[in-house]
Amino acid sequence: MEWHKNITDASLHAKIRAGEIHFGGNEKLKIYGLLCCISGKRMKRENRVFFSTEQEALKHQYRPCGHCLKANYVEWKEENKRFDKV
């Protein structure tokens with residue numbers, strides 16, 4: 001996990017081009033999604049984090065974005081609904 005506030009824009013773009021960063025997340029809301037997601041582009045820099053894989057985001061207890069990762073979000077929601085009923 002990499003904080004946006006701790007890296008320069010040039011470093012960020014280099015990491016994206018190199019394939020080191022694939023997903024962005026909101027630290028306050030614990031949501032992750034694609035870098036091109038309109039919801040992610042609206043968040044404040046100080047709340048934004050980056051992940052190299054979905055597994056990394058899930059390991060840090062982030063949930064998939066309901067806009068850009070709809071299928072993953074529906075699956076995540078169904079899994080968590082089972083835990084809510086217990």
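## Close-up views of a predicted model

**View 1. A lysine over a tryptophan ring.** The charged end of Lys 5 lies over the ring of Trp 3, at 4.8 Å from the ring centre. A charge sits over a ring if NZ of Lys or CZ of Arg is within 6 Å of the ring centre and within 35 degrees of the ring normal. This is a predicted model, in which local features need pLDDT of at least 70, side-chain atom pairs count only at pLDDT 80 or more, and totals for chains, interfaces and linings use all residues. Residues are numbered from 1 along each chain as its sequence is written, and side-chain values use heavy atoms, with hydrogens and water left out.

View 2. Trp 76 is partly exposed, with a relative accessible area of 28%. The cut-offs are under 20% relative accessible area for buried, over 50% for exposed, and partly exposed in between (1.4 Å probe, protein chains only). Tyr 73 and Trp 76 are three residues apart in helix 4 (residues 70-85), so about one helical turn separates them. Helices (H or I, at least four residues) and strands (E, at least two) are DSSP runs, numbered from the N terminus.

**View 3. Aromatic pairs.** The model holds three aromatic pairs. Phe 23 and Tyr 32 make an edge-to-face pair, 5.9 Å centre to centre with 85 degrees between the planes. The rings of Tyr 73 and Trp 76 have centres 6.0 Å apart and planes at 25 degrees, so this pair is stacked. Rings of Phe, Tyr and Trp (its six-membered ring) pair if their centres lie within 6.5 Å; planes under 30 degrees apart count as stacked, over 60 as edge-to-face and the rest as tilted. Phe 23 is buried, at 11% relative accessibility. Tyr 32 is buried too, at 1%.

**View 4. The largest nonpolar core.** Seven residues form this core: Phe 23, Tyr 32, Val 49, Phe 51, Ala 57, Tyr 62 and Leu 69. A nonpolar core is a set of buried Ala, Val, Leu, Ile, Met, Phe, Trp, Tyr and Cys residues joined through side-chain atoms within 4.5 Å. Leaving aside neighbours within four places in sequence, Tyr 62 is in contact with residues including Met 1, Gly 25, Lys 30, Tyr 32, Val 49, Phe 51 and Ala 57. Contact means heavy atoms within 4.5 Å.

**View 5. Strand 2 and its two partners.** Strand 2 (residues 23-26) is covered on both faces. Phe 23 and Gly 25 are buried on one side, Gly 24 and Asn 26 on the other. Strand 2 runs antiparallel to strand 3 (residues 31-34), joined by four bridges. Gly 25 has Tyr 32 as its bridge partner in strand 3. The hairpin of strand 2 and strand 3 has four residues between the strands, and Lys 30 takes a positive phi near 60 degrees there. Strand 2 also runs antiparallel to strand 4 (residues 48-51), again with four bridges. Gly 24 has Phe 50 as its bridge partner in strand 4. Two strands pair if DSSP finds at least two bridges between them.

**View 6. Salt bridges between separate parts of the chain.** The whole structure has three salt bridges. A salt bridge is a side-chain nitrogen of Lys or Arg within 4 Å of a carboxyl oxygen of Asp or Glu. One joins the side chains of Lys 15 and Glu 2 (3.0 Å, N to O). Lys 15 lies in helix 1 (residues 9-17) and Glu 2 in strand 1 (residues 2-3), so the pair ties together parts that are 13 residues apart in sequence. Glu 2 is partly exposed, at 24% relative accessibility. Another salt bridge joins Asp 9 and Arg 45 (3.1 Å, N to O). This pair links distant parts of the chain, 36 residues apart: Asp 9 in helix 1, Arg 45 in the loop between helix 2 (38-41) and strand 4. Asp 9 is partly exposed at 39%, and Arg 45 is partly exposed at 33%.

View 7. Lys 81 and Glu 78 form a salt bridge, with the closest N and O atoms 3.4 Å apart. They are three residues apart in helix 4, so about one helical turn separates them. Lys 81 is partly exposed at 36% relative accessibility. Glu 78 is partly exposed, with a relative accessible area of 41%. Glu 78 and Glu 46 are 32 residues apart in sequence and 31 Å apart in space, C-alpha to C-alpha.
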